[in-house]
Amino acid sequence: MQRHFSPLLAAALALAAVVMMTTHLVWQDRQRTSARMEALAADMAKVVEAHVLHTTKGADIALRQAATLVDEAGSLGAVQNPIYWRRLRDALANVDGGETLWLFDTKGNGVAGTGRQMDGPLNIADRPHFQAVLAGADLVVSPALRSRLDNRIVFTISRPIRDWTGDIIGVASAGMKTEWLVNFYAMMSFGLDTTVTVFRTDGEIVARQPDLAANLGKNNRNGQLFREQLPQAPVGTYWSQSVLDGKERLAAYRLIPDLNLVVYAGIEGESAFAAWRVRSLWFVAEVTMTTTLVLLLLVASARMIRSGHRNHMRALEAESVALQLGAELHQARRDPLTGLPARGLFLELAEGMRQSAGQRGLVLAFLYIDLDGFKAVNDRQGHDQGDKVLTMVAEIMRRTTRDGDLLGRLGGDEFVVCLSGHVPDIKTVATSVATRIITEVRDLDMGVGCSIGISLTAGSCNDLPCSLRQADAAMYRAKQMGKGAWFIHEPAQEPCPSCDDRAIA
């Protein structure tokens, strides 16, 4: 009995060590997963906040233009004149996500409007957002509501119309698509079950993805977000139990005080840790099998125990190396200088745009951007100045493109933009973006310019590298034209199927 005591004790100690090590590694993996999910939710909230600010700013500009039209026309009713009405329609056309633009008198009667019309008179005197504007609020964002024009779910952005004395003579109100604020961000979920909601500070819902219709008219003022989180800080992340659907989520929120809005982005707990649970089960199973084998070998021979222990340590080292390589690969998918997607990630995201464009009957446009004079800046002023130029150019690209457009850095001083749109509009949009980028890069006064090649490709095209080659060739044509210009290559010049199968250099 005594001769077996030491091996058994060693086996027990080894088993205890393996259990503790496995528990520790699984817990560490969970902590890292939680941190990644928090970062993802926070990034989603930031992007939605920027989109909300952009949307409300565009609507506010249109509402101010409407008030100016009333002043020029002399009265609310005079805006019905075709000359002013067309200008009112043009103001709505410049509002991203805008559905309607109406002018109401102080009794809530619709006087003039554009967008969807209705047969009978339109009155919104009972709407709280209308009453809030009459009470003196400058800009009011309403909760989601059923439109009295066509029963669609919309939200409104309203501001007062004043006469020269400052008295309120009416209200300008823009009806907005609720899905415009939140639906696009489902693409950021990376296969997770996410919820994006825009609340008013009184807890009412302005927009939500998904299940807005099921939650229309509900209020979240008694939820954890409004009772506990917002009183502590205007920005944060937390675990929430939703009062709307009862689901537990890892959530991020951001207060927009100027608009009395709160942006919320949540990832369902089950979804957030689903991959971690699978990894952990497999890891525990592997460790259990390995430990069992080691224990059996330990009983038979102390030498076999030592050999098994060495094999186990090598397996852990290999796993650590694999985790490190995975982390480095993830980091390499984005350009560390500009933050833009690198070539591989750009092509993956562009493939998603291609599939969406094919389903919706849209056309893709690729803008291949190459900086003129960049080598001279690097040679004469140093790489720090060159990096500054690349960072500023990336910021110009972000500023001059639309939400939903895809940007990337292919390497060196080469960038690419992918746009989507309808056939009648995409060429105009692409050339307009190219012109603005060329102008703003030149206006940097950093000694660089840029040449841009544009290719237009059918949404059903299956060869993204081919499209980029066409844009690249068009860029060289732009350089031959004298640099600081753009040149467009259209499908009629060389259809995609005629391109060879060579990969992009």
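Modeller: Two strands pair if DSSP finds at least two bridges between them. The model discussed here is predicted.

Biologist: What makes S10 and strand S11 a pair?

Modeller: Eight bridges join S10 to S11 (residues 261–268), and the rule asks for at least two, so the strands count as paired. Their directions are antiparallel. Ile256 stands opposite Leu261 in S11.

Biologist: Which sheet holds S10 and S11, and in what order do its strands come?

Modeller: An open sheet of five strands, in the order S8-S7-S11-S10-S9, with antiparallel pairing.

Biologist: Why are S8 and S9 called edge strands?

Modeller: Strand S8 (205–209) pairs on one side only, and so does S9. From one strand to the next, the twist averages 20°.

Biologist: Which helix lies across S7, S9, S10 and S11?

Modeller: Helix H6 (residues 224–232), which runs at about 150° to S9.

Biologist: How many aromatic pairs are there, and why is the pair of Tyr238 and Tyr253 called edge-to-face?

Modeller: The count is four aromatic pairs. For Tyr238 and Tyr253 the ring centres are 5.8 Å apart, which is within 6.5 Å, so the rings pair. Their planes stand at 75°, over the 60 degrees required, and the pair is therefore edge-to-face. Tyr238 belongs to strand S9 (residues 235–241) and Tyr253 to strand S10 (residues 248–256), 15 residues apart.

Biologist: Are these two tyrosines buried or exposed?

Modeller: Both Tyr238 and Tyr253 are buried. Buried residues make up 45% of the 505 residues in the protein chain.

Biologist: What links Phe199, Phe226 and Tyr264?

Modeller: Ring pairs join Phe199, Phe226 and Tyr264 into a cluster.

Definitions and conventions
Residues numbered from 1 in each chain as written. Predicted model: local features only at pLDDT ≥ 70, side-chain atom pairs only at ≥ 80, totals over all residues. Heavy atoms only, no water. Phe/Tyr/Trp six-rings, centres within 6.5 Å; stacked < 30°, edge-to-face > 60°. Helix = DSSP H or I, 4+ residues; strand = E, 2+ residues; numbered from the N terminus. Buried < 20%, exposed > 50% of the residue type's maximum accessible area, 1.4 Å probe, protein only. Axes fitted to C-alpha atoms, helices over the stretch in contact; angles between N-to-C directions. Contact = heavy atoms within 4.5 Å.
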